[in-house]
Amino acid sequence: MMNIFVGFVIITFREQGEQEYKNCELDKNQRQCVEYALKAQPLKLYIPKNPVQFKFWSIINSTGFEYVMFVLILLNTVTLAVQHYEQSKDFSHVMDILNMVFTGLFTVEMLLKLLALRLRHYFVDAWNSFDALIVVGSVVDIVVTEFSSGEDSSRVSITFFRLFRVMRLVKLLSKGEGIRTLLWTFIKSLQALPYVALLIAMIFFIYAVIGMQTFGKIAMQDYTQINRNNNFQTFPQAVLLLFRCATGEAWQEIMLASLPGKRCDPESDHEPGEEFTCGSNFAIVYFISFFMLCAFLIINLFVAVIMDNFDYLTRDWSILGPHHLDEFKRIWSEYDPEAKGRIKHLDVVALLRRIQPPLGFGKLCPHRVACKRLVAMNMPLNADGMVTFNATLFALVRTALKIKTEGNPDQENEELRVIIKKIWKRMKPKLLDEVIPPHEGELEMRRVSWRGETGELEVRRVSWRRETGQLEVRQVSWRGETGQLEVRQVRWRGETGELEMRRVSWRGETGELEA
């Protein structure tokens, strides 16, 4: 029954989430991928120019080096797992030697990275900073363990420093692409959890206050469930008791201990002869309703939120999702180490063949087929033969998810521009024109100004559309030596030959004209 209810909560949560996108032009996955492509920024990759430093850089970025460090972490995990209670002195001595060996090897790894990246670029990566913390803590652990005497060890707690040995296992998270994807998805799911946590906090607060008012006078007795560690007499204690009930630990016994006829606390304001009148039948409704809310509904919302972000684990892997897009940023940085956001169009084929489907073409895709697929993507190409980061990623997302790619290209582009403007209202026009260039028959200028010796001409906004032959000028103003001419709006339609001027004003030395 519990599993059925959990499944019902998760399905309902997903249906409500999909309901928000029912009348939208883009579904949830398409919107997330498009938003990622529009907001993503290229990564800066440091490549040293010094030949000696470049050799160290090549070593730490090689596949063999990654595999060696991965094996060392696994071996270190095994040495931590085999340690046990009441182990012999010889066994402990061997474990200490192995700890020194692993610490030395991880120190060598840190030194190699420092030589390759230098201090400035080494600590830019959060994983490198974490590795340095582990190495320093492990070295301190060895120093404290080896050089502290029996008397000093009582004053210096070496247990804290030994935690750094266990923290080496966290390094595994940075070694595998799949593990990094799971970690990224879990972090993304945390963004929606605060709303669920706020709902739980409100329920706990309401029930804690009600419990203090209803059951706060019950005396604390060690042989009952209402004792010094489990009572409603203070707000923190009431919250802790409710947390225990939410986990399902003996909540029914606490409910029975809160029924009428219980001894009252001596310090409570009860009348003489009413020492056993504390408690209430309301306890049945109180505890059952709270347990039902927490165990069957609220707690499962955490599962629903996390499962909603992990939905790619249960769907077809060939469907593109936001978790695929980090690979593009990582490989793009190798072709654009300075993070300028521009590479040669000839490098795009090689780049996409290194990215696995569904985002890229994969290394098994023939070069000729990759070129044909790249041409079919209709990716924006600059006049200098360069392609931009966001335009390339957007084209890949659009092609993989088939977003407005079936009909007339010009019409589909215009419709997609309207959709993006509608969803992301703060989108910069420059970025939008970069990923979806405007139609060739459409000219739009935000502001044009000219200043000469005799006067100043300023045009605020000019737009022209070839299909309708419509020219529109929002504001034209000219200030010269003889006077001032200002036109608020000028519109000309090519089909009808109609010219319209909304507001014209001219102020000169001899008079004033206003229409």
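How far apart do the end C-alpha atoms of residues 192–210 lie, and how much of the span is helix? The end C-alpha atoms of this span lie 29 Å apart, and the span is 95% helix and 0% strand. Keep in mind as you explore that this is a predicted model.

**The chain as a whole**
- The chain has 515 residues, and 37% of them are buried.
- Its secondary structure consists of 19 helices and 13 strands.
- Take the contacts with a separation of 6 or more: 55% of them involve residues 24 or more positions apart.
- About 31,400 Å² of the chain is accessible surface, and carbon and sulfur atoms account for 60% of that.

**Spans listed in UniProt**
- An unreviewed UniProt entry lists four stretches under "transmembrane region": residues 65–85, 97–116, 192–210 and 283–307.
- In the model, residues 65–85 are 81% helix and 0% strand, with 35 Å between the end C-alpha atoms.
- Residues 192–210, the span from the opening question, are 95% helix.

- Two elements give two or more residues to the patch: α10 (193–215) and α13 (282–309).
- Of the elements, α13 gives the most, with 5 residues.
- Is M292 buried or partly exposed? M292 counts as partly exposed because its relative accessibility is 44%, and that class runs between the 20% limit for buried and the 50% limit for exposed.

**Nonpolar cores**
- The largest nonpolar core has 43 residues, and F328, F394, V397 and I420 are those with the most contacts inside it.
- Seen by element, those giving two or more residues to this core are α2 (28–39), α14 (326–335), α15 (345–354), α16 (367–376), α17 (389–401), α18 (409–423) and α19 (429–435).
- The most residues come from α17, which gives 7 to this core.
- Which residues does F394 touch, leaving aside its neighbours within four places in sequence? F394 is in contact with V34, A37, L38, L416, I420, V435 and I436.
- There is also a second, separate core of 33 residues, and among them are Y207, A208, F290 and A295.

Technical notes:
Residues numbered from 1 in each chain as written. Predicted model: local features only at pLDDT ≥ 70, side-chain atom pairs only at ≥ 80, totals over all residues. Heavy atoms only, no water. Helix = DSSP H or I, 4+ residues; strand = E, 2+ residues; numbered from the N terminus. Buried < 20%, exposed > 50% of the residue type's maximum accessible area, 1.4 Å probe, protein only. Contact = heavy atoms within 4.5 Å. Areas by Shrake-Rupley, 256 points an atom, 1.4 Å probe, with all protein chains shown as cover. UniProt positions renumbered as here; feature names shortened; annotations may be inferred. Core = buried A, V, L, I, M, F, W, Y, C linked by side-chain atoms within 4.5 Å.
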